[in-house]
Every structure is written in C-alpha cells, then in structure tokens.
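Have the viewer open as you read.

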Amino acid sequence: MQQRPQPAEYTSSSARSIGDYLISSRSFVEYQAMFALTSTDVAGRVLDCPGGGSSSTATLCEQGGDAVAADPVYSTPVAELIGRLDGEVRRGSAWATAHAHRYIWDFYGDPAGHARMRENSARLFGEDLLRRPDRYVAAALPDLPFPDDAFDLVLSSHLLFTYADRLDTDFHLAALRELIRVSPGRVRVYPLIDQSGQPVSGLLEQLIEQLTYDGVASSLVDVDYEFQRGARTMLELRSTGVVR
Ligand SMILES: C[S@@+](CC[C@H](N)C(=O)[O-])C[C@H]1O[C@@H](n2cnc3c(N)ncnc32)[C@H](O)[C@@H]1O
C-alpha cells in the first residue's frame, strides 16, 4: 500500500519539537483556568512542579496561600535565571505564532496579549524569586526532596506529556508516583497532549492502568481552557490507599 504523503508540519522535527525545555512563565490566572482551581482547592499547601518561570506560587502566596515551586532550573544563579526569562518568553511566543493554527487565542485575545501576560508573569516570578528564594526549590522529577504527604495539592503543567518526545513511559510513571507520594490527596496534570498538539498514543492509558494497581484513582476532568487545540482535559490523581 502506498504511504499517504504527510504535510511538512508532521514530518519536520522542528515543527514537532520546541527544542530545549522552555522555562515558561504562566500566570496564576492561566493556572486557575488550566486546573479548574477554586479557592477551596488552593486552601492547603500547594506544590507547583515544574514551576519554571511561573508566577503562580508568588500570586498564591500574595493572596495568603501556602505554596512552593520545584524545578531543576532553580539551581541556576538567580540573576542568570531572571536574565533568561525574557528570551524564554520570546521563544515561547515565536513557537506559538509560528504554529498559530494549532492554538486557540481567545483566552489571550491575540499573540500580543499572550506575550504580554507571560512577560508580566515572568516579572512577578523574578521579583518573588529575589524576595523569597526559599519558595523555589531546585529539584528534578522523579526525585523530590519533600517528605511523604507534604502537600494538599500538586499542580504539574507542561512537562509530562508535553515533552513525551524525550521523556519515556517509565519516566512519566516514576514522576507521577513521586507526585502522589508527596501529595496523596490530589495531583493535577495538564495538558495531556504533546508540544506539537498530538495525543501521545497509549501513554495516558498505560499510566492510568499502572497507577490503578498502585491504588491511585484517576479522573479525566474537562476544563474551561483551551490554548493548544484539543487540550481541554486535565488528569486528576488521588491515592485510595488500596493497592491491588
Ligand atoms: C514548559 S516549563 C513549565 C513551567 C510552568 N509549569 C509553566 O507552565 O509556566 C517546563 C519546565 O520543566 C522543567 N523540567 C525539566 N525537567 C524536569 C524534571 N525532571 N523535573 C521537574 N521539572 C523539570 C524545566 O526546567 C522547565 O522549567
């Protein structure tokens, strides 16, 4: 049988991969939408992992919450990390505008509105990092330096699934087990598609099946946010304590 020619979009690796991990700077408003957060959800101790350049921890703490962020990039000297963020916002914006048809811009208005929100968020992150470095813990999944049950909620955005081109199934499983270890009550992960906007074939199903054996209940929850086309669902995990 003849192979159907693929559009260049799907054959070119530069159209599928953004390159090095982007240190993105999502705002708390984006986190609220992606993770369908209510004030009750964030009333306890919250971990943002990976935190990247997101201002969510800063905003949550500003609003009286109790949050920390973890990311390996926090081992970078503070001034150097802050100095990289503008370039990272531009890299993320360039990626999204180059592939604009894969995105729905309503939440931001247009690409300029998206860039403005991320620039503002990067600035808030930088200010908080300088003021409260203790909120930003240098750590990499799947090994976090927190005790069991340290958090009431973990938010994990744009690492798992997003970078499935370089993170395999074993990594995803180990990472989710680690997030559940530190927050057995609730872990939320978004998005569930990769950086090129494709579902990662079979990965989600395999992970849910494995976690079920660990006694982890999984729910797929529709959210009222869609920037990457098709990313309308988050994964919520909760330990039931009943291992099969
Ligand atoms: C696209 S950013 C997401 C940041 C933030 N959640 C947001 O949405 O703005 C991805 C982040 O994953 C971090 N990262 C890469 N490998 C990691 C690992 N093994 N464990 C935790 N974070 C990792 C990178 O340093 C980068 O900051």
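## Ground rules

Cavities and pockets come from a 1 Å grid over the protein atoms alone: a cavity is a set of points where a 1.4 Å probe fits but cannot get out, a pocket is an open set with protein on both sides within 12 Å along at least five of seven lines, and a lining residue has an atom within 4 Å of a point. For volumes, grid points are joined across faces, edges and corners, and the figure is the space filled by probe spheres set on the points.

This is a predicted model, where local features need pLDDT of at least 70 and side-chain atom pairs count only at pLDDT 80 or more, while totals for chains, interfaces and linings use all residues. Residues are numbered from 1 along each chain as its sequence is written, and side-chain values use heavy atoms, with hydrogens and water left out.

## Closed spaces

The search turns up 2 cavities of 30 Å³ or more. The largest cavity holds about 280 Å³ of space. Its lining has 18 residues, and L22, R26, W95, Y103 and H158 are the closest to the centre. Two elements, α5 (78-98) and α6 (111-131), each give two or more residues to that lining, with helices (H or I, at least four residues) and strands (E, at least two) being DSSP runs numbered from the N terminus. The largest share, 3 residues, comes from α5. Sorted by class, the lining of the largest cavity has 9 nonpolar, 7 polar and 2 charged residues; here Ala, Val, Leu, Ile, Met, Phe, Trp, Tyr, Cys and Pro count as nonpolar, Asp, Glu, Lys and Arg as charged, and the others, Gly among them, as polar.

What lines the second largest cavity? The residues are L22, I23, S24, S25, E88, V89, G92, S93, H114 and R118, around about 60 Å³ of space. Again α5 and α6 are the elements that give two or more residues, and α5 gives the most, with 4. By class, the second largest cavity is lined by 3 nonpolar, 5 polar and 2 charged residues.

The largest pocket contains about 430 Å³ of space. Of its 27 lining residues, Y21, P50, D71, P72 and L159 are the closest to the centre. Helix α5 turns up here too, giving the most to the lining with 3 residues.

## Charged pairs

Side chains of opposite charge can pair when their charged atoms come close. Across the whole structure there are 15 salt bridges, each being a side-chain nitrogen of Lys or Arg within 4 Å of a carboxyl oxygen of Asp or Glu. One of them joins R45 and D66, at 2.9 Å from N to O. That pair spans 21 residues of sequence, from strand β1 (residues 45-48) to strand β2 (residues 66-70). R45 is partly exposed at 28% relative accessible area, and D66 is also partly exposed, at 39%; the scale calls residues buried under 20%, exposed over 50% and partly exposed in between (1.4 Å probe, protein chains only).

R181 is worth a click. It bridges to D148, with the closest N and O atoms 2.7 Å apart. R181 sits in helix α7 (residues 169-182), and D148 is 33 residues away in the loop between β3 (136-137) and β4 (153-157). R181 is partly exposed at 26%, whereas D148 counts as exposed at 53%. R181 also forms a salt bridge with E178, at 2.9 Å between the closest N and O atoms. Those two residues both lie in helix α7, 3 residues apart, about one turn of the helix. E178 is buried, with a relative accessible area of 10%.

## Overall build

The protein chain has 8 helices and 7 strands. Its radius of gyration is 18 Å, close to the 18 Å that the globule rule gives for 244 residues, so the chain is as compact as a globular protein of that length; the radius is taken over C-alpha atoms, and the rule is 2.2 Å times the number of residues to the power 0.38. The C-alpha atoms fill a box of roughly 55 × 45 × 30 Å along the principal axes.

Buried residues make up 49% of the 244. Among contacts (heavy atoms within 4.5 Å) between residues at least 6 apart in sequence, 75% join residues at least 24 apart.
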